[in-house]
Amino acid sequence: AASENKITNRRGRQVAAAESVATVLAIATAVPPTEFLQSEYPDFLFRVCDCDAKIALKDKFRRICEKTEIRKRNIFLTEEVLKANPSICFRDAGHSLRERQDIAAVQVPKLAQEAAVKAIKEWGRPKSDITHVVFGTTCGIHMPGADLQFSKLMGLETTVKRVMMYQIGCSGGAAVLRVAKDLAENNKGARVLVVCSEGTALGFVPPNEDKPEELVETALFGDGAVCVIVGADPIPKVDRPLFELLWAGECFVPESDKAVYGDLTEVGMDFHLTRKVPFLISDNIAKLLNQARKIVNNPNWNDMFWAIHGGGPAILRKIETALQLAPHKLAATREVLREYGNVYSGSCLFALDQIRLRSLAMDASTTGESCEYGFLCAFGPGVTMDALLLRSVPTTANFVDET
Ligand code: CAA
């Protein structure tokens with residue numbers, strides 16, 4: 001009977017695999033303390049970068065900010081931090097990577113820790129039961145990486161098995177969950193701490209007339225961390241699953257080269273974004289998701305719940321049109337965009353957290369706003385698209401009420 005729980009790996013060895021699909025066992029988020037109202041951000045940005053004389057550019061930036069549907073963002077780069085690191089605000093300095101890396105080295109693991117402490121509390125098991133860490137960020141590159149600093153801050157076992165995913169961009173929230181699913185299902189008893197911790201320290205750019213797309217980036221991105229605990233074979237009355245991870249897939253969009261890409265330079269991340277992005281995503285999303293939808297008898301898109309990367313309102317509008325989604329279907333994603341901005345890889349996982357909280361608030365029958373199946377889907381550099389098919393659980397069975 002023992003061999004029934006084993007699979008044969010590529011070297012022909014028998015290894016223990018889990019019996020159930022991976023499940024999400026807890027989710028928690030954290031953001032830096034300073035809130036920036038979107039309506040006040042143009043004044044802040046142009047003042048702190050000494051660009052108040054660029055009146056037309058500031059008007060354009062204000063127009064973009066007004067169109068983002070963002071109310072506020074939490075950002076670590078306050079006036080105090082920027083004044084202490086002036087080269088970040090002034091490109092003419094010709095260098096700011098050192099300062100940006102120093103900020104990322106501290107802030108990325110610290111914010112991750114804040115989210116992880118809350119997630120472990122919700123999970124209810126000791127942190128020594130964590131067997132694996134999957135850590136994603138687009139903010140900074142260090143060796144050893146943020147995964148090790150985070151594991152030390154958390155006091156995890158020194159034997160914890162770590163996977164570091166740097167520069168994963170916004171599709172990374174789904175990519176970390178895909179990797180965690182594989183780890184949980186192929187290592188019996190594994191409990192995977194999945195983290196996306198993001199910030200604008202690498203990508204913050206002073207206003208520049210020659211690069212209007214940078215204004216879009218500056219108007220959209222925010223800082224935030226999210227932690228998800230993933231494990232298969234949930235132990236009854238000990239682990240309380242919130243969602244099952246039924247399928248995970250990824251694709252890159254053909255002919256999308258350089259639609260979204262970043263280049264790490266002496267002055268930080270040189271980020272490029274073309275106006276084609278919303279079209280490339282909406283033209284290709286159904287093909288990726290249909291691979292999974294057929295596994296569960298092709299439910300109507302509107303009978304599913306949706307945790308989508310809130311890349312920007314134009315992307316969400318195009319997806320709604322392409323899939324003919326009812327207006328309320330992307331409410332969780334829009335709420336995240338409104339209250340936190342585009343938190344890179346964290347966005348879709350923030351949206352998943354919103355969905356289970358909204359389910360609680362609306363007295364829904366499942367953790368997926370009364371739907372059985374749903375998608376978590378994110379888009380990133382390439383264009384790359386990454387998605388998971390989820391199954392919710394009945395709220396009566398396992399739902400964690402944090403109130
Ligand atoms: N580049 C440069 N300028 C742009 C632009 C772009 N990609 N998109 C819009 N603009 C400018 C317009 O030209 C316009 O300028 P003027 O007022 O001077 O004419 C201004 O922004 C406002 O545009 P619109 O009036 O057309 O307003 P809108 O309803 O389109 O809203 C927007 C603007 C919020 C930027 C919206 O277009 C949007 O959501 N765009 C998508 C943003 C996007 O691509 N997000 C992905 C970020 S990358 C990511 O998330 C993945 C990752 O891995 C990091």
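1. A polar contact is taken here as a pair of N or O atoms within 3.5 Å; within protein, one atom must be able to donate a hydrogen and the other to accept it, and residues adjacent in sequence count only if both atoms are side-chain atoms. By this criterion, a polar backbone atom of Gly-311 lies 3.1 Å from a nitrogen atom of the ligand. The protein covers 81% of the 1,000 Å² of accessible area that the ligand has on its own (Shrake-Rupley method, 1.4 Å probe; for residues, only the protein chains shown count as cover).

2. The model is predicted: local features need pLDDT of at least 70, side-chain atom pairs count only at pLDDT 80 or more, and totals for chains, interfaces and linings use all residues. Residues are numbered from 1 along each chain as its sequence is written, and side-chain values use heavy atoms, with hydrogens and water left out.

3. The ligand has 26 residues around it, of which Lys-60, Arg-63, Cys-170, His-309 and Pro-381 come nearest (a residue is near if one of its heavy atoms lies within 4 Å).

4. Ser-347 belongs to helix H11 (residues 347–361); helices (H or I, at least four residues) and strands (E, at least two) are DSSP runs, numbered from the N terminus. Ser-347 counts as buried because its relative accessibility is 2% (buried is under 20% relative accessible area, exposed over 50%, partly exposed in between; 1.4 Å probe, protein chains only). Leaving aside neighbours within four places in sequence, Ser-347 is in contact (heavy atoms within 4.5 Å) with His-309, Gly-310, Val-336, Gly-341 and Asn-342.

5. The largest nonpolar core holds 50 residues, and Phe-150, Leu-193 and Phe-204 have the most contacts inside it. Such a core is a set of buried Ala, Val, Leu, Ile, Met, Phe, Trp, Tyr and Cys residues joined through side-chain atoms within 4.5 Å. Helix H4 (residues 97–123) supplies the largest share of this core, ten residues. A second, separate core of 39 residues includes Ala-22, Ile-27, Ala-180 and Ala-378.

6. Beyond its neighbours within four places in sequence, Phe-204 is in contact with Tyr-41, Leu-45, Cys-49, Leu-77, Leu-82, Ile-88, Cys-89 and Arg-100.

7. The structure holds 29 salt bridges (a side-chain nitrogen of Lys or Arg within 4 Å of a carboxyl oxygen of Asp or Glu). In one of them, the side chains of Glu-339 and Arg-71 meet at 2.8 Å, N to O. This pair links parts of the chain 268 residues apart: Glu-339 is in helix H10 (residues 331–340), and Arg-71 is in the loop between helix H2 (55–67) and strand E5 (72–74). Glu-339 is buried at 15% relative accessible area, whereas Arg-71 is partly exposed at 42%.

8. Glu-122 forms a salt bridge with Arg-356, with the closest N and O atoms 2.8 Å apart. Because Glu-122 lies in helix H4 and Arg-356 in helix H11, the pair ties together parts that are 234 residues apart in sequence. Both Glu-122 and Arg-356 are buried.

9. Arg-178 and Glu-250 meet through their side chains in a salt bridge of 2.9 Å, N to O. Arg-178 is in helix H6 (residues 172–186) and Glu-250 in strand E10 (residues 243–252), 72 residues apart. Arg-178 is partly exposed at 22% relative accessibility, and Glu-250 is partly exposed at 43%. Elsewhere, salt bridges that share partners join Asp-43, Asp-52, Lys-58 and Arg-62 into one network.
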